[in-house]
Amino acid sequence: MANDGPVEHGYPHLETVRASITALYRRLSYDTVRTFDTSVAPADVAFCDTDDLYLGAQRVARELVRHYRLPDARLIVSFREMRHAANIELAAGPEYFVELNDRFRTHRRDIGAALAHEIMHVYLHRMDLSFQSTRDNEILTDTATTYLGAGWLLLDAYREDGASSQKLGYLTPEEFGYVLAKRSLVFGEDPSTWFTSPQAYTAYVKGRELARHDEQQPPLTAAGWAGRRRYARDRRHAQDQAPATAPGMPYAFTPDGRGPLRVSFPCPTCHQRIRVPVRGRMRARCALCRTVLECDT
């Protein structure tokens, strides 16, 4: 939690974020991911200053448990002074003890954001999905929270002006915006109306630009003129010489025995790599997320 301190911006964790989206589809399956087509509604996690602190926190926790489809999980919420925003004990369940930073006693509208991240830890623990390092595992948790419909709360908790700042989670605001936009492209949601923080909306717009850029990379037909021209040059080079990965490019050409040259590239939805023959216009279907892609290989 950044509390009146510097807030990191940009995309320093982008590779891990994309790996997290791929891991979600692999572990949960396409069908399970699709069950999270509706995000947590603002009214369901609203928390005003007149609400009882503990009863209100328990109510929001129950709503997030319902959203994550953890009906047999019970959250016991408490508050104490601590460095981080929150902490949860990942025991066998069904009861889980969540500690929230004392700051939330007076910043109650952000309690839902903190709980969304911590309860996602329970969900991933039960799904036996994790990364090796603590840092990568926290990035996975933020990404999963956002992609499965509750992470807009974390982005909305980001506020920054000349005198103070606040940000929850391990992703940068722009990375939260990126994952939220990836979700929006899949489910057709428009989260922009939910933001109460103008800085959160700005970060979402920036992340949305990068998410759309993923869908405009060759060999996809939506690629721009410059990208298509660069791809054609790299393809000629691969056909004339030993195939190699073009520096800085997401695609890579590889031989296929005595068959045609093949090109591999990341799916713009789930980022699993797709490998198809180099033979002009074609449709490719990602086996993981079932996205149908128009390609010109």
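**Strand pairs, salt bridges and a helix**

Me: In this predicted model, which residue in E11 is the bridge partner of Arg283?

Reply: Strand E10 covers residues 281–285, and E11 covers residues 292–296, the two being joined by five bridges. Within E11, the residue that is the bridge partner of Arg283 is Glu294.

Me: In which direction do E10 and E11 run relative to each other, parallel or antiparallel?

Reply: The two strands form a hairpin with six residues between them, and Arg290 in the turn has a positive phi of about 65 degrees. Five bridges join E10 to E11, and the direction in which they run is antiparallel.

Me: Is Arg283 buried or exposed, by its relative accessibility?

Reply: The side chain of Arg283 meets that of Glu294 in a salt bridge, at 2.5 Å from N to O, and this pair links strand E10 to strand E11 across eleven residues of sequence. Glu294 has 32% relative accessibility and therefore counts as partly exposed. Arg283 has 61%, and because the cut-off for that class is over 50%, its label is exposed.

Me: How far apart are the closest N and O atoms in the salt bridge of Arg126 with Asp72?

Reply: Arg126 is partly exposed, with a relative accessible area of 32%, and Asp72 is also given as partly exposed, at 43% relative accessibility. In the salt bridge that Arg126 forms with Asp72, the closest N and O atoms are apart by 2.6 Å. This pair links distant parts of the chain, with Arg126 in helix H4 (residues 111–127) and Asp72 in the loop between helix H3 (53–67) and strand E2 (74–80), and the distance asked for is 2.6 Å.

Me: Which residue joins Arg18 and Lys182 in a network of salt bridges?

Reply: The count of salt bridges comes to 15, and one of these is the meeting of the side chains of Asp136 and Arg135, at 2.5 Å from N to O. A network of salt bridges links Arg18 and Lys182 with a further residue, Asp214.

Me: How many of the residues of H7 are buried?

Reply: Helix H7 has 15 residues and reaches 21 Å from its first C-alpha to its last, which is close to the 21 Å expected at 1.5 Å a residue. Just after H7, Gly188 takes a positive phi of about 75 degrees. The helix is mostly covered, and of its 15 residues the number that are buried is 13.

Me: Is Ser192, in the loop between H7 and H8, buried or exposed?

Reply: Ser192 lies in the loop between helix H7 (173–187) and helix H8 (198–214), and it touches Tyr201 and Tyr204, not counting residues up to four places away in sequence. The side chain of Ser192 also makes a polar contact with the side chain of Asp190, at 2.7 Å. The relative accessibility of Ser192 is 18%, and because the cut-off is under 20%, Ser192 counts as buried.

Definitions and conventions: Residues numbered from 1 in each chain as written. Predicted model: local features only at pLDDT ≥ 70, side-chain atom pairs only at ≥ 80, totals over all residues. Heavy atoms only, no water. Helix = DSSP H or I, 4+ residues; strand = E, 2+ residues; numbered from the N terminus. Buried < 20%, exposed > 50% of the residue type's maximum accessible area, 1.4 Å probe, protein only. Polar contact = N/O pair within 3.5 Å; in protein donor to acceptor, adjacent residues only side chain to side chain. Contact = heavy atoms within 4.5 Å. Pairing = 2+ DSSP bridges. Salt bridge = Lys/Arg side-chain N within 4 Å of Asp/Glu carboxyl O. Expected span 1.5 Å × (residues − 1).
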